[in-house]
Amino acid sequence: MNMIAVEGGSRLRGELTVQSAKNSVLPILAAAILSSGVCVIERCPRLEDVEASGAILRHLGCRVCWQGEDLVVDSSSLVRWDIPDALMRRMRSSVIFLGAILARCGRAELSYPGGCELGPRPIDLHLSALRTLGAQVEECGGRVCCRGEGLRGAEIVLGLPSVGATENAILAACGACGTTVIVNAAREPEIIDLQDFLRKLGAEVRGAGTSTVIVEGVRPLRGCCHRCIGDRIAAATYLAAAAAVGGDICLSGVDYRSLSTVTTALQQAGCRISSDEQYIRLRSDGALRGICPVRTSPYPGFPTDAQAVLMASLLRARGTTVFVENMFQSRYRHVSELLRMGADIRLEGRVAVVCGVPHLCGTAVRCTDLRGGAALVLAGLQADGITQVENIHHIRRGYSDLAGDLAHLGARIQEIRE
Ligand code: EPZ
């Protein structure tokens, strides 16, 4: 069994370069299918989800290999358009391959990604966007079969600013003749990164980061080299850790503006934060206070992915903080494990009320999902004694070396692989 053992009580100090963003790398690996050449993702983070994407690309016939820290994808040899169930189940966000395969091959077939730890993960907006471009989409027996040899540009209006649906629409539109306008697009920084990558391939995409993205389709697309943006959620995780235990850390490799709602919350809690183009510095005495209600919402609102780690940082704060999780139905599964450590959290549907307690107790806890797992590690950093965090495969999906990074900053923590 693999686990992370952490002994509470150490303050965090030092500098850390944040990994490239998981939620940029994944759609960009799918977008590489559109290229007839070789794409190099520089300093690609070694994540379970990246390995899962590589397995899908290899299944499709692409050549994928690591060259040092870079991941090289050659899509010239792509021959298949289907993703088998086993590969779909390995990574829920595999649905992001749908638009790219359809644009490249004129057809695509994959199984429903199904729900995940966060609750149901519908793809109705994805499929509706593809139908708007002229694709025939049939859903039968848990599989989605798309045909679209002659996709045509259109106006796609998304009912919700879904990140994945926006990305699938952009990728499919690259294979559609004419102009596609995506209205109510998600505005996450990772979508701007995808646009930057596509432009390097030769695609004509503009407007990413706003609610309206425009794509001029059917361009011959070459290969390129690309380094993804820094992972704003990983950065939020380290800042929340230092906020909770006290210390002085400096992060580089991430745009401070992309996590301003998180840094604002940590400042409200009592941290001192300074930043410029190159770094984000957080100083904390570890004695935090409760803050105004935290409501998760689409970017530029408070990111749902940072909800669990901010909650973990406030478990011993003086006072109370209310969280409202508006993005996913089941994103409080880490709470039951935090209660085992002595936290005082009350749940009522989408609302979590966190009352600070003087102490947390180290014990054995189990990860339930990626960000909830990170929250358990952050609770362990604060707890009396040793905390054993199990089921850490969830954490490996999104952090290349969470334990190593925290140890580098002074935490008494190690990953135990048996
Ligand atoms: C992306 O997931 C991220 N994953 C998630 O990060 C993140 O939590 C989420 O965006 C929200 O920011 C990647 O980028 C790989 P959505 P995605 O479509 O695209 C509903 C992490 O921890 N919806 O924006 O799946 C959906 O149910 C992961 O790094 C529909 O109803 O999220 C949810 O309530 C977790 N129909 C809301 O929209 C659809 O067709 C937002 O989901 C699609 C989505």
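Four strands make up an open sheet of mixed pairing, arranged in the order β2-β15-β17-β16, where strands (E, at least two residues) and helices (H or I, at least four) are DSSP runs numbered from the N terminus, and two strands pair if DSSP finds at least two bridges between them. Because β2 (12–17) and β16 (272–275) stand at the edges with a single partner strand each, one side of each is left without a neighbour in the sheet. From one strand to the next the twist averages 10 degrees, with axes taken as lines fitted to C-alpha atoms, for helices over the stretch in contact, and angles running from 0 to 180 degrees between N-to-C directions. This is a predicted model, in which local features need pLDDT of at least 70 and side-chain atom pairs count only at pLDDT 80 or more, while totals for chains, interfaces and linings use all residues. Residues are numbered from 1 along each chain as its sequence is written, and side-chain values use heavy atoms, with hydrogens and water left out.

Within the sheet, β15 (residues 247–252) and β17 (residues 279–284) pair in the antiparallel sense over 6 bridges, and L251 stands opposite I280 in β17. Helix α8 (residues 232–245) packs on the sheet, where α8 touches β2, β15 and β17, and its direction makes about 170 degrees with that of β15; contact here means heavy atoms within 4.5 Å.

What lies in the nonpolar interior? A nonpolar core is a set of buried Ala, Val, Leu, Ile, Met, Phe, Trp, Tyr and Cys residues joined through side-chain atoms within 4.5 Å, and buried means under 20% relative accessible area, exposed over 50%, and partly exposed in between (1.4 Å probe, protein chains only). The largest such core has 75 residues, of which F97, L171, F197 and L198 touch the most other members. Apart from this core lies another, of 73 residues, among them A240, F323, I345 and A383. F97 is also one of the buried residues of helix α4 (residues 97–105), together with L98, G99, A100, I101 and L102. Leaving aside neighbours within four places in sequence, the contacts of L171 include G99 and A100.

The ligand is surrounded by 22 residues, the closest being L125, S162, G164, D305 and M327, where a residue counts as near if one of its heavy atoms lies within 4 Å.
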